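User: Can we go through this model together? I have a few quick questions.

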Amino acid sequence: MTVLSVNVNKIAVLRNSRGGDMPSVLAAAQTCLAAGCGGITVHPRPDQRHIRPQDVLDLAQLLAGSPAELNIEGNPFAPPRDAYPGLLALCAAAKPAQATLVPDSDGQITSDHGFDLCRDAERLRPLIAELHEMGCRVSLFMDADSPDIELAAEIGADRIELYTGPYAEAFERGDAARQLALCAQAARRAQAVGLSVNAGHDLNQANLGAFLAQVPAVAEVSIGHALIGEALYAGLAATVGAYTAICAGEGR
């Protein structure tokens, strides 16, 4: 079964728009966990426009001793700023099960491309080793058509996370076959060199089943924007339940 990790960034966006503690990131995470998800994902950014460092620490405490995993995403090259201590410092404090390294910049609304490992491999290698020393599994955000997927294993990563934005766009247009084939091929390439495969970005209830049916042995999907949006209409627990059913293969 593919694990569903719920990204709770959008809960923090809503909270921050008004100030105070409502809605509660912790309460949302508790609801998702009670509804059956296998993990919680956060993507703190230096500008702290949604998840803040204290949220990360609070979630780490919530998940301590739980079979559900905390996944912290972020740019390992972004320097500390104001109250943001940097991704590796947050991982050192929170000890997540997984750190997903993403090459996003401050100006991006959301992550929209994977690493160029021909350029970044040697910068990433010592950071991956440092995260391993903290006890973190390391996943690298990668494009499905990247020629560098095998390099992820060479520099010590445990997993890749396939950037599924192009697949979701193609699915919306009604011509997803090529993108599905690319994702399936990328997953097989990764698995051939010992990497596990995660996936995320713009996955939703409409397109997730087809993706998991065609892309082999996806270990985890992290889903936030669509899931929280759908939950506005159906409720958070019910929506998480619908996604976990898809991850379990129901209806495929």
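Analyst: Helices (H or I, at least four residues) and strands (E, at least two) are DSSP runs, numbered from the N terminus. This is a predicted model: local features need pLDDT of at least 70, side-chain atom pairs count only at pLDDT 80 or more, and totals for chains, interfaces and linings use all residues. Residues are numbered from 1 along each chain as its sequence is written, and side-chain values use heavy atoms, leaving out hydrogens and water.

User: What should α11 span?

Analyst: Its twelve residues (236-247) should span 16 Å at 1.5 Å a residue, the expected span being 1.5 Å times one less than the number of residues. The end C-alpha atoms are 17 Å apart, which agrees.

User: Which residues of α11 are buried?

Analyst: Among them are Leu-236, Val-240 and Tyr-243. Buried means under 20% relative accessible area, exposed over 50%, partly exposed in between (1.4 Å probe, protein chains only).

User: And what covers the buried residues of α11?

Analyst: The cover includes β1 (3-7), α9 (208-214) and β8 (218-223), with contact meaning heavy atoms within 4.5 Å.

User: Is β8 enclosed or open, and why?

Analyst: Five of its six residues are buried, so β8 is largely enclosed by the rest of the structure.

User: How does β8 pair with β1?

Analyst: In the parallel sense, over four bridges; strands pair if DSSP finds at least two bridges between them. Leu-4 stands opposite Val-221 in β8.

User: Switching topic, where does Asp-120 lie?

Analyst: In helix α5 (residues 117-133). Asp-120 is buried, at 4% relative accessible area.
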